[in-house]
Amino acid sequence: MLFCQLLQVGETVSFLLGRFLLRKWVAELTADWPMWAALNAALREDGWKLVLLLRMSPAIPFSVINYALGSSSLPVSAGCVCVSVTHV
């Protein structure tokens, strides 16, 4: 049980690091990518659905997903809740 709680804390921290430290750098890096703009718009509207689908995919490591979602326009509340719910 303690492992699951620590895992949730670590993933929430990586999401928040992506949000507050890496967001500007990722925005500059992806400014010319129309796919990133479309994904950002989708995350802004129905972000929690996309997060749940991304978290079910074994192709992308969770840490990469957390940093990427943190640097997107996904609301912080939705991001933190989805990170916590997907480990239950």
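The legends below describe several close-up views of a predicted model.

Local features are given where pLDDT is at least 70, side-chain atom pairs count only at pLDDT 80 or more, and totals for chains, interfaces and linings use all residues. Residues are numbered from 1 along each chain as its sequence is written, and side-chain values use heavy atoms, with hydrogens and water left out.

**View 1. The largest nonpolar core has eight residues.** The members of this core are Phe-15, Leu-43, Val-51, Ile-65, Leu-69, Leu-74, Cys-80 and Cys-82. At least two core residues come from each of α3 (34-56), α4 (62-70) and α5 (76-85). A nonpolar core is a set of buried Ala, Val, Leu, Ile, Met, Phe, Trp, Tyr and Cys residues joined through side-chain atoms within 4.5 Å. Buried means under 20% relative accessible area, exposed means over 50%, and partly exposed lies in between (1.4 Å probe, protein chains only). Helices (H or I, at least four residues) and strands (E, at least two) are DSSP runs, numbered from the N terminus. Cys-82 is in contact with Trp-48 and Val-51, when its neighbours within four places in sequence are left aside. Contact means heavy atoms within 4.5 Å.

**View 2. Helix α1 (residues 2-20) packs with α4.** Two packed helices are described by the angle between their axes and the distance between the axes. For α1 and α4 the angle is about 40 degrees, and the axes are 6 Å apart. Axes are lines fitted to C-alpha atoms, for helices over the stretch in contact, and angles run from 0 to 180 degrees between N-to-C directions. The helices α1 and α4 are therefore oblique to each other. Angles under 35 degrees count as roughly parallel, over 145 as roughly antiparallel, 65 to 115 as roughly perpendicular and the rest as oblique. The crossing of α1 with α4 is right-handed. A crossing is right-handed if the near helix is turned clockwise from the far one by less than a right angle, and left-handed if anticlockwise. On the α1 side, Glu-11, Ser-14, Phe-15, Leu-17, Gly-18 and Arg-19 meet Phe-62, Asn-66, Tyr-67, Leu-69 and Gly-70 in α4. By class, this contact of α1 with α4 has five nonpolar, four polar and two charged residues. Ala, Val, Leu, Ile, Met, Phe, Trp, Tyr, Cys and Pro count as nonpolar, Asp, Glu, Lys and Arg as charged, and the others, Gly among them, as polar.

**View 3. Glu-11 is a buried residue of helix α1.** The relative accessible area of Glu-11 is 8%. Glu-11 and Phe-62 are 51 residues apart along the chain, and their C-alpha atoms are separated by 7.9 Å.

**View 4. Helices α3 and α4 pack with their axes 11 Å apart.** The angle between α3 and α4 is about 140 degrees, and these two helices are therefore oblique to each other. Their crossing is left-handed. Trp-36, Leu-43, Val-51, Leu-54 and Arg-55 in α3 meet Phe-62, Ile-65, Asn-66, Ala-68 and Leu-69 in α4. Eight nonpolar residues, one polar and one charged make up this contact of α3 with α4.

**View 5. Helices α1 and α5 pack with their axes 9 Å apart.** At an angle of about 155 degrees, α1 and α5 are therefore roughly antiparallel to each other. The crossing of α1 and α5 is right-handed. From α1, Gln-8, Glu-11, Thr-12, Phe-15, Leu-16 and Arg-19 meet Val-76, Gly-79, Cys-80, Val-83 and Ser-84 in α5. The contact of α1 with α5 comprises five nonpolar, four polar and two charged residues.

**View 6. Leu-50 is a partly exposed residue of helix α3.** Its relative accessibility is 26%. Not counting residues up to four places away in sequence, Leu-50 touches Leu-39, Ala-42 and Leu-43. Leu-50 and Leu-74 are 24 residues apart in sequence, and 10.0 Å separates them in space, C-alpha to C-alpha.

**View 7. Ala-59 and Phe-3 are exposed residues.** Ala-59 is placed in the loop between α3 and α4, with a relative accessible area of 66%. From Ala-59 to Ala-42 the separation is 17 residues in sequence and 20 Å in space, C-alpha to C-alpha. Phe-3 lies in helix α1 and has 61% relative accessibility. Phe-3 and Trp-33 are 30 residues apart in sequence and 37 Å apart in space, C-alpha to C-alpha.
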